[in-house]
Amino acid sequence: MIKNFIEKNNYEYIGEASLKRYNTYRVDIKCKYLIFPKTKEEFVELLKELKKEKEKYLVLGNGSNIILNTDYYDGVVIILSKLNKMKIDDLTVEVEAGYSLQKLALETSSLGLEGLEFATGIPGMLGASIAMNAGAYKSDIASVVETVTVVNPDNEIVTMRHDDLNFSYRNSFFKENKEYYIVSAILKLTKGKKEEILEKISKRRVKRIETQPLDMPSAGSVFRNPEGMYAGELIEKIGLKGYKLNGAMVSEKHANFIVNKDNASGKDIVKLIQKIKDEVKKEFDVDLILEQIIVD
């Protein structure tokens, strides 16, 4: 049993744990075990054991891009928040997967380093942000990634170079190869003017507060912007801004956000996504592509 393994090896864990704190939609479901590996090596040994025991599992960072579309997760959820070491050496940043991207962006920007200032409003952890190639303001994390250290499907820790990662708009090698888990990365930034960087961040923060529902649980942009269009604009044009389905609602501030208005379930959110997709397809013949990941 997995419980014997985690107790014998002194893993930090919670049994029958609520996942409400671990997904930014604040969907309230439970899982069998919530486990927090403290090192890459602990993570590898845990993965080996889970595969050996054929135990269902899910690896999460900040849960800022997922929809928990189930009433109960009958398996193990691994949270990488303890993998949070970071070191800056001149323009090079060596950072583990569980480090907050938002925090890293603010810290490097405060040192006058350019390359991550676009990410000061992105709440994910580094690993998941690389996997989805998180971005904003026509910049993305792919532009600063040099190498990524991963656990591969054979449970080996290996390093992959930028050219191996197939980065594209909100996409990467990791979206198609889910058995690879990022544990750390090396980023290369450039020298900029601290005052200019911080002023840019400050202006963008004011705009985000004005235009995004930062005061309500959400997981950021729901859909990718179609070529030459804005998903939020299309959704607004079909009259779905403010539309509510059970506890889930299309944000009244920004139509490409869904918010947890009233104890929404993952199923509420997924049903609302499908309604939006169907209506946009019917009206504009556009297939909206989901940015978020549905976990069943």
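Which residues in H3 meet which residues in H6? Let's start there. One caution before the answer: this is a predicted model.

From H3, the residues are Leu106, Ser109 and Ser110. From H6, they are Lys194, Ile197, Leu198 and Ile201. Helix H3 covers residues 101-110, and helix H6 covers residues 194-211. Their axes come within 9 Å. They cross at roughly 145°. Sort the contact by class, and you get four nonpolar, two polar and one charged residues.

Now the cores. The largest nonpolar core has 52 residues. Four residues have the most contacts inside it: Leu116, Ile130, Phe174 and Leu187. Take Ile130 as a guide. Leaving aside residues up to four places away in sequence, Ile130 touches Ile141, Val145, Val148, Phe167, Ser172, Phe174, Ile182 and Ala185.

Where does Phe167 lie? In the loop between strand S12, residues 157-161, and H5. The cut-off for buried is under 20%. Again setting aside residues up to four places away, Phe167 touches Ile130, Asn133, Ala142, Val145, His162 and Ser172. And here is a distance to keep in mind. Phe167 and Tyr73 are 94 residues apart in sequence. In space, C-alpha to C-alpha, they are 30 Å apart.

Next, a pocket. I mean the second largest pocket, with a volume of about 730 Å³. It is lined by 27 residues. Nearest its centre lie Leu58, Val59, Ala131, Tyr181 and Ile293. Which elements give two or more residues to this lining? Strand S3 (57-60), helix H4 (126-131), helix H5 (173-176), strand S13 (181-188) and strand S19 (293-295). S3 gives the largest share, four residues. By class, the lining divides into 18 nonpolar, six polar and three charged residues.

On to a charged residue, Glu291. Glu291 lies in the loop between helix H8, residues 266-284, and S19. Buried or exposed, then, for Glu291? At 10% relative accessibility, Glu291 counts as buried. What does Glu291 touch, not counting residues up to four places away in sequence? The partners are Asn65, Met132, Tyr169, Arg170, Ser221, Val222, Phe223 and Arg224.

Last topic: backbone angles. Most residues other than glycine have a negative phi. Two residues here are worth a look. Lys138 has a phi near 65°, a positive value in a residue other than glycine. Lys138 is in the loop between strand S9 (135-136) and strand S10 (139-140). With 88% relative accessibility, Lys138 counts as exposed. Asp285 also has a positive phi, near 55°, and is a residue other than glycine. Asp285 has its place in the loop between H8 and S19. That loop holds Glu291 too. Asp285, at 56% relative accessibility, counts as exposed, whereas Glu291 counts as buried.

Methods
Residues are numbered from 1 along each chain as its sequence is written. This is a predicted model: local features need pLDDT of at least 70, side-chain atom pairs count only at pLDDT 80 or more; totals for chains, interfaces and linings use all residues. Side-chain values use heavy atoms; hydrogens and water are left out. A nonpolar core is a set of buried Ala, Val, Leu, Ile, Met, Phe, Trp, Tyr and Cys residues joined through side-chain atoms within 4.5 Å. Buried means under 20% relative accessible area, exposed over 50%, partly exposed in between (1.4 Å probe, protein chains only). Contact means heavy atoms within 4.5 Å. On a 1 Å grid over the protein atoms alone, a cavity is a set of points where a 1.4 Å probe fits but cannot get out, and a pocket is an open set with protein on both sides within 12 Å along at least five of seven lines; lining residues have an atom within 4 Å of a point. Grid points are joined across faces, edges and corners, and a volume is the space filled by probe spheres set on the points. Axes are lines fitted to C-alpha atoms, for helices over the stretch in contact, and angles run from 0 to 180 degrees between N-to-C directions.
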